[in-house]
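I opened the model today to look up a few side-chain contacts and then the overall layout. My notes follow in the order I checked things.

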Amino acid sequence: MANSASFCSSPDNEILPPTSSRCQTQTITATHNFKVTNFSRLDGMGVGNFVSSSTFRVGGGDWSIHLYPDGWKKTVGKAVSLFLAFLDGPPGTRIKYKLSFLDCEDRVEEEKTGKRRTIRVKCGTHTFGSAGA
């Protein structure tokens, strides 16, 4: 015979008080400036070669910015690649970030059209599984 459950009702209905819960995440805001002087001298390093910022610590993790002057991988035309590198920290670290290029007067470069170069600002959210992943 299968198990069965039975419920009985009573003439007095019980009203339970409302319940609630909350999940509060930690928010840390930080800025790291990676200034490259004489950028033109990096031209010709080769695709896949990079220079990096010093290591900085935010939210329990160690980070670095990697700049590939000739691009991270071969593309059509010339490209500069910029990455945020997770060096060490707790697995599952989740961040929201923004990488910007500044001109020589510390203004954010805007997208150029026509014969001028195009610089796109990279923003995103990423979860890091482990350092170097």
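I started with the salt bridge between the side chains of Arg57 and Asp62, where nitrogen and oxygen are 2.7 Å apart. I am working from a predicted model, and I keep that in mind for each entry. My search of the whole structure returned 1 salt bridge.

I then went to strand 3, which covers residues 61-68 and contains His66. Ser64 is in strand 3 too.

Ser64 first. Its relative accessibility is 2%, so I put Ser64 down as buried. What does the side chain of Ser64 reach? I found the backbone oxygen of Ser53 at 3.3 Å from the Ser64 side chain. Leaving out neighbours within four places in sequence, I noted contacts from Ser64 to Ser52, Ser53, Ser54, Phe56, Phe83, Leu84, Ala85 and Leu87.

His66 came next. I read 15% relative accessibility for His66, so His66 also goes down as buried. With residues up to four places away in sequence not counted, His66 touches Phe50, Val51, Ser52, Ser81, Leu82, Phe83 and Ala85.

I then looked for the largest nonpolar core and got 9 residues: Leu42, Phe56, Trp63, Ile65, Leu67, Leu82, Phe86, Ile95 and Leu99. Which elements give two or more residues to this core? I noted strand 3, strand 4 (81-88) and strand 5 (93-99). Strand 3 supplies the largest share, 3 residues. Phe56 is on the core list, and Phe56 is also among the contacts of Ser64. Leu82 is on the core list as well, and I had already logged Leu82 as a contact of His66.

Last, the chain as a whole. I counted 0 helices and 6 strands, and along the sequence the pattern reads β-β-β-β-β-β. Of the 133 residues in the protein chain, 20% are buried. I also checked contacts between residues at least 6 apart in sequence, and 43% of them join residues at least 24 apart.

Terms used:
Residues numbered from 1 in each chain as written. Predicted model: local features only at pLDDT ≥ 70, side-chain atom pairs only at ≥ 80, totals over all residues. Heavy atoms only, no water. Salt bridge = Lys/Arg side-chain N within 4 Å of Asp/Glu carboxyl O. Helix = DSSP H or I, 4+ residues; strand = E, 2+ residues; numbered from the N terminus. Buried < 20%, exposed > 50% of the residue type's maximum accessible area, 1.4 Å probe, protein only. Contact = heavy atoms within 4.5 Å. Core = buried A, V, L, I, M, F, W, Y, C linked by side-chain atoms within 4.5 Å. Polar contact = N/O pair within 3.5 Å; in protein donor to acceptor, adjacent residues only side chain to side chain.
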